[in-house]
Amino acid sequence: MLQGILNYAHELLKECVHPNETVIDATCGNGNDTVFLSKLVGEHGLVLGFDIQEQAINNTKQKLKENNCDNVKLILDSHANADTYLSTDTEQSIAGAIFNLGYLPKSDKSIITQGHTTMTAINKILQRLKENGIIVLVIYHGHPGGKEEKDIILDKVSKLDQKKYTVLKHEFLNQANTPPFLVAIQKR
Ligand SMILES: C[S@@+](CC[C@H](N)C(=O)[O-])C[C@H]1O[C@@H](n2cnc3c(N)ncnc32)[C@H](O)[C@@H]1O
């Protein structure tokens, strides 16, 4: 059965991430992916969750509490600064990361992820990614600013060295209203 983009993103993470590992939710938003990652790595794993909006961090904190997740460190900062927290919070390599791009649902639609900062974060996480580790990007591009971000990301990830990384694009071809698509980068 073909799955929706977000389910497919989670399936890819399930294949590459194991209990006790360290993972990143680069865009916490309402915390759905954060809870998913928390369960995936289990009580002895670690999730680093980033968002630039206090509302998103609070929404995620609430969702984590409801789901009894206490292996998450929430960080009110841009994912572009991920290296700062990676070096101080964990010596471990990163097993997986998810970027759910765009704006916080039901909130200020002008606060969006941006191509250049997203790429800065991706490059910093790639440096700490374990062998066979994976970064998945769920790319929404129908909103103002979305196309610009999509173009920057596709341009840059298409140029990643194929000897070091496998880069996949997965998209539906017959859906209306600029559906999101998925890009996955796996370290070889
Ligand atoms: C589509 S939402 C994420 C949805 C979320 N994954 C969920 O499960 O609900 C995108 C989020 O990215 C956040 N964001 C935008 N720029 C960011 C940045 N530079 N660093 C971290 N988060 C950012 C926004 O504040 C917003 O909450």
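Start by selecting N32 and the ligand: a polar backbone atom of N32 lies 3.1 Å from an oxygen atom of the ligand, a polar contact (a pair of N or O atoms within 3.5 Å). The model you are viewing is predicted, with local features needing pLDDT of at least 70, side-chain atom pairs counting only at pLDDT 80 or more, and totals for chains, interfaces and linings using all residues. Residues are numbered from 1 along each chain as its sequence is written, and side-chain values use heavy atoms, leaving out hydrogens and water.

Next, click on T27, where a polar backbone atom is 3.0 Å from a nitrogen atom of the ligand. Of the 600 Å² of accessible area that the ligand has on its own, the protein covers 95% (Shrake-Rupley method, 1.4 Å probe).

Now show the shell around the ligand. Its residues comprise 8 nonpolar, 11 polar and 3 charged, with Asp, Glu, Lys and Arg counting as charged, Ala, Val, Leu, Ile, Met, Phe, Trp, Tyr, Cys and Pro as nonpolar, and the others, Gly among them, as polar.

For the last stop, select F50 and Y85. They form an edge-to-face aromatic pair, 5.6 Å centre to centre with 70° between the planes (centres within 6.5 Å; planes under 30 degrees apart are stacked, over 60 edge-to-face, the rest tilted). F50 is in strand β2 (residues 46–51) and Y85 in helix α4 (residues 82–89), 35 residues apart; helices (H or I, at least four residues) and strands (E, at least two) are DSSP runs.

Key:
Polar contact = N/O pair within 3.5 Å; in protein donor to acceptor, adjacent residues only side chain to side chain. Phe/Tyr/Trp six-rings, centres within 6.5 Å; stacked < 30°, edge-to-face > 60°.
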